[in-house]
Amino acid sequence: MLDFRLDEEYEALRKTVEEFARDEVAPVIGDLYERNEFPYGIVAKMGRMGLFGLPFPEEHGGMGGDYFALCLALEELARVDSSVAITLEAGVSLGTMPLFRFGTDEQRAQWLPRMCTGEVLGAFGLTEPGGGSDAGAMRTTARLEDGHWVLNGTKAFITNSGTDITGLVTVAAVTGTKENGRKEISAIIVPAGTPGFTVSKKYSKVGWNASDTRELSFADCRVPEANLLGERGRGYAQFLQTLDEGRIAIAAVGVGLAQGCVDESLRYVGEREAFGHKIGEYQAIKFKIADMEVRAYNARLAYYAAAAKMLRGEPFKKEAAIAKLVSSEAAMDNAREATQIFGGYGFMNEYPVGRFYRDAKILEIGEGTSEVQRMLIARELGL
Amino acid sequence: MNIVVLVKQVPDTWSERKLTDADHTLDRESADAVLDEINERAVEEALLLKEAHGGEVTVIAMGPGRATDAIRKALSMGADKAVHVSDDALHGSDVIATAKVLAKAIGTVEGFDLVIAGNEATDGRAGAIPAILAEILGLPQVTQLRKVTVEGTTVKGERETEEGVAHLEASLPAIVSVTEKINEPRYPSFKGIMAAKKKPVTTLTVADLGVDAGEVGLGGAWSGVIEASPKPPRSAGQRIDDEGVGGSKIAEYLVGQKLI
Ligand SMILES: Cc1cc2nc3c(=O)[nH]c(=O)nc-3n(C[C@H](O)[C@H](O)[C@H](O)COP(=O)(O)OP(=O)(O)OC[C@H]3O[C@@H](n4cnc5c(N)ncnc54)[C@H](O)[C@@H]3O)c2cc1C
Ligand SMILES: Cc1cc2nc3c(=O)[nH]c(=O)nc-3n(C[C@H](O)[C@H](O)[C@H](O)COP(=O)(O)OP(=O)(O)OC[C@H]3O[C@@H](n4cnc5c(N)ncnc54)[C@H](O)[C@@H]3O)c2cc1C
């Protein structure tokens with residue numbers, strides 16, 4: 001019952017992605033990151049090896065795996081680079097998963113096969129310039145008019161929304177008022193290139209520089225009524241479910257980054273000398289690395305445990321929030337310590353730890369801030 | 001098309017590789033073992049040919065028990081089935097013995113059209129197995145190819161040399177060996193990994209193949225590795241700061257080394 005060994009096929013997948021990250025991502029990502037370029041080549045290769053289809057059934061063009069398989073792949077990618085990991089994470093768990101979960105047969109048939117191969121990316125538009133944590137306060141509207149949804153409003157910070165291969169954005173919008181007076185929020189599929197849908201230029205970001213993040217605006221943007229995703233008025237609830245799962249995936253990304261800091265530090269302290277000794281011989285450095293390993297290890301157990309509950313079909317809201325919180329803090333702490341261990345070189349963009357440092361902070365913000373995770377955990381405890 | 005791919009498990013070039021002190025055979029415990037990269041390319045080429053012409057891909061590996069990992073990887077990439085020759089008597093076999101055993105193993109695959117091998121294994125680096133196999137099996141060999149195509153009952157290939165490119169062909173069945181220029185091997189997908197668990201792997205001993213155990217292994221080897229010493233570590237380079245005379249300093253150095 002209490003067995004954390006990976007099954008043979010999970011381990012084979014983990015190893016394959018580890019090799020992929022080492023051989024295909026590590027050599028090129030520094031350059032792409034520096035130039036703020038989306039990693040099209042890497043995405044195409046990840047697509048060919050089926051990573052975008054990992055948790056989806058074969059009948060939809062997927063790999064017949066599960067969400068945990070996706071998490072393992074994310075962890076291994078993030079050990080080397082987070083922009084690539086988040087492109088996969090957002091593509092699968094925010095882009096494709098809602099369509100798979102809530103889409104009609106037609107919607108699934110139209111989108112899933114090409115999304116599972118990474119040829120087409122989907123994005124998920126919930127956050128607005130006026131607020132993300134309180135997503136229920138959103139202002140984007142969609143009104144039904146002669147068989148079409150007419151969208152108006154703005155979405156902020158949307159991952160994968162402006163690439164050459166973005167096929168659609170699932171947009172959360174207010175579609176009316178419920179009987180109890182609250183907003184009726186629904187999800188609507190807006191294909192890329194729909195008139196009235198504009199994608200801004202890329203944000204200038206602190207980190208995740210090879211990932212695509214944009215502001216989206218909708219001005220009388222019309223899509224067919226059939227583009228409603230799931231039930232009318234269930235949009236918000238659906239998004240929340242998507243986010244619960246996504247938190248486990250983000251936790252896996254954080255663990256990867258935290259472990260990547262350990263990997264890089266171990267290599268460096270065996271080479272760098274100061275005061276006549278390898279810096280790895282000093283206890284102050286050893287203890288830092290021991291603590292870093294402990295954080296990565298704890299966070300991994302937390303996301304494994306949350307994923308196990310999810311796969312068993314049990315409630316996992318609290319566990320997912322714990323995993324996301326622990327892991328993003330582990331990533332942040334490890335990135336700070338790894339940068340410290342690298343000294344001046346740690347502050348240089350040419351070393352991966354510099355990139356890890358810049359990429360760690362967003363993990364405490366995206367897909368629910370650390371404060372939001374604590375709110376969720378407290379709520380689950382009945383507070 | 002019925003294709004056989006010869007795959008060898010070798011120590012990972014990413015880890016430290018060494019020979020055992022006792023008998024100068026490979027120290028298989030000291031390094032991670034992986035499917036040789038050149039053999040990943042051989043498998044990839046077989047899969048491409050299968051995708052173009054249909055048929056079946058069988059991988060054959062001779063190696064200790066844990067060579068099943070290398071076999072599993074080839075099956076995850078998409079090969080259909082495997083033959084694993086595993087026998088303690090094989091420890092320390094030289095190239096001749098290895099080729100004899102592989103020839104027998106190939107014989108168990110009914111109606112094969114093409115055998116694909118790597119041009120040279122990254123550990124032994126004999127680069128001789130394909131040629132010896134061709135001799136034993138009495139088949140044409142087209143080696144060191146950067147491109148392979150099959151048209152009807154003919155296999156055509158391109159071999160790149162310093163001087164240019166040679167275009168070669170042979171009639172099937174034949175043996176080809178491929179170089180690292182042949183293709184970029186695919187990464188196994190999760191679907192492939194799952195499917196590999198159900199694919200048939202036949203494990204055979206030398207006795208099963210009708211080979212005399214005395215002809216193989218260290219005892220039966222016609223050649224042996226006498227000694228092996230690690231490469232001396234590269235000495236630190238000499239650093240020259242360019243203060244306007246860097247070019248002439250480099251020239252002085254090269255003259256000192258009698259290089260110019
Ligand atoms: C690079 C990047 C990619 C992103 N990708 C996407 C995407 O693909 N799709 C998408 O929809 N969104 C995306 N986001 C948005 C992200 O999810 C939000 O930024 C996040 O949810 C926080 O929302 P906010 O920025 O509006 O902050 P706010 O909600 O304004 O929060 C500001 C601060 O107040 C705190 N706070 C808020 N409410 C409370 C409270 N009740 N008690 C205590 N503290 C509180 C917050 O924790 C935070 O510290 C992305 C963001 C970034 C930076
Ligand atoms: C350092 C070292 C030096 C050696 N030197 C010699 C030597 O000089 N003479 C000698 O006779 N032996 C030598 N051996 C033993 C030799 O490596 C083994 O017999 C080996 O199985 C065959 O040689 P190779 O791998 O170098 O073959 P290569 O001819 O380099 O291999 C070419 C291809 O043949 C196929 N192949 C080779 N071996 C196998 C296998 N076991 N299973 C499936 N396919 C296979 C693969 O497709 C491979 O890519 C040496 C071994 C070591 C470790």
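## Annotated regions and domains of chain A

UniProt positions are given here in the numbering used for this structure, and the annotations may be inferred rather than shown by experiment. With that caution, the UniProt annotation "domain: Acyl-CoA dehydrogenase/oxidase C-terminal", from an unreviewed entry, covers residues 233-381 of chain A. The model itself is a predicted one, and in it the stretch 233-381 of chain A is 73% helix and 3% strand, with its end C-alpha atoms 28 Å apart. A further UniProt annotation, "domain: Acyl-CoA dehydrogenase/oxidase N-terminal", also from an unreviewed entry, is listed for residues 8-119 of chain A; over these residues the chain is 74% helix and 0% strand, and the end C-alpha atoms are 29 Å apart.

The domain assignment of chain A gives domain 1 (8-121), domain 2 (123-233) and domain 3 (237-380). Between domain 2 and domain 3 of chain A the C-alpha centres lie 30 Å apart, and eight residues of domain 2 are in contact with eight residues of domain 3. The side of domain 2 of chain A that touches domain 3 is made up of five nonpolar and three polar residues, with no charged residues.

## The surroundings of ligand 1

Ligand 1 is surrounded by 24 residues, of which Leu126(A), Gly132(A), Ser133(A), Thr369(A) and Glu371(A) are the closest. Two or more residues of this shell come from each of helix H4 (82-102), strand S1 (121-125), S3 and helix H10 (370-380) of chain A. By class, the shell around ligand 1 divides into 11 nonpolar, 10 polar and three charged residues. Because domain 2 (123-233) and domain 3 (237-380) of chain A both give residues to this shell, ligand 1 lies between them.

## Strands and local backbone in chain A

Strand S3 (residues 148-159) of chain A, which also contributes to the shell around ligand 1, pairs with strand S2 (residues 141-145) of chain A in the antiparallel sense over five bridges. Within this pairing Leu144(A) stands opposite Trp149(A) in S3(A). S2(A) and S3(A) form a hairpin with two residues between them, and Asp146(A), which is in the turn, has a positive phi of about 35°.

A positive phi is also found at Asp220(A), where the value is near 45° in a residue other than glycine; Asp220(A) lies in strand S7 (residues 213-224) of chain A. As background to these values, most residues other than glycine have a negative phi.

## The sheet of chain B and its helices

In chain B, seven strands form an open sheet with parallel pairing, in the order S7-S11-S6-S1-S4-S5-S12. The edges of this sheet are strand S7 (141-145) and strand S12 (201-204) of chain B, each of which pairs on one side only. Neighbouring strands of the sheet are turned by 20° against each other on average, when direction is ignored. Within the sheet, S6(B) and strand S11 (residues 174-178) of chain B pair in the parallel sense over five bridges, and Leu114(B) has Ala174(B) in S11(B) as its bridge partner.

Helix H2 (residues 68-77) of chain B lies across strand S1 (2-6), S4, strand S5 (81-85) and S12 of chain B, and runs at about 165° to S5(B). H3(B), for its part, lies across S1, S4, S5, S6 and S12 of chain B, running at about 150° to S4(B). In the loop between strand S10 (165-171) and S11 of chain B is Pro173(B), which is joined to Leu172(B) by a cis peptide bond with an omega of about -5°. Most peptide bonds, by comparison, are trans.

## Contact between the chains

Between the two chains, 10 residues of chain B are in contact with 14 residues of chain A. On the side of chain B that touches chain A, helix H5 (residues 190-196) of chain B gives the most, with four residues. The residues of that side of chain B divide into five nonpolar, two polar and three charged.

How values were computed:
Residues numbered from 1 in each chain as written. Chains lettered and ligands numbered in written order. Predicted model: local features only at pLDDT ≥ 70, side-chain atom pairs only at ≥ 80, totals over all residues. Pairing = 2+ DSSP bridges. Axes fitted to C-alpha atoms, helices over the stretch in contact; angles between N-to-C directions. Contact = placed C-beta atoms within 7 Å. Nonpolar A, V, L, I, M, F, W, Y, C, P; charged D, E, K, R; others polar. Domains from an automatic or database assignment. Near = placed C-beta within 6 Å.
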